Amino acid sequence: VELNAHSIKGMCDNLSAAPMRKIAFEMEQLGRNQSAANTSGESLQQLFNTLFQEFESVKTYLQQNVLNG
């Protein structure tokens, strides 16, 4: 989890996707600490779901403003 989240965090930096990066950072911390939840009580699964929703927003933005721009 930690390594994958770290990779996602780097990709988010490349895209300037700050909200996604924050979620990936929290996932990375959970993996590093082998914790069941972050300080807000969100589980890894909840963070993944949030990350996926944010990814969909970024993907839509890129499709509308970069690929078709």
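I call a residue buried under 20% relative accessible area, exposed over 50%, and partly exposed in between, with a 1.4 Å probe and protein chains only. By that cut-off, buried residues make up 22% of the 69 residues in the chain.

Model notes. I am working with a predicted model, where local features need pLDDT of at least 70, side-chain atom pairs count only at pLDDT 80 or more, and totals for chains, interfaces and linings use all residues. I number residues from 1 along each chain as its sequence is written, and side-chain values use heavy atoms, with hydrogens and water left out.

Fold. I looked up the elements as DSSP runs, numbered from the N terminus (helices: H or I, at least four residues; strands: E, at least two). I found three helices and zero strands. From the N terminus on, the order reads α-α-α.

Extent. I get a C-alpha trace spanning about 40 × 20 × 15 Å along its principal axes. I took contact as heavy atoms within 4.5 Å. Of the contacts between residues at least 6 apart in sequence, 40% join residues at least 24 apart.

Surface. I used Shrake-Rupley areas with a 1.4 Å probe; for residues, only the protein chains shown count as cover. The accessible surface of the chain is about 4800 Å², and carbon and sulfur atoms hold 53% of that.

Gly 41. I placed Gly 41 in the loop between helix H2 (18-33) and helix H3 (44-67). Gly 41 has a relative accessible area of 48%, so I log it as partly exposed. I also checked Gly 41 against Ile 8, 33 residues apart along the chain: their C-alpha atoms are separated by 21 Å.
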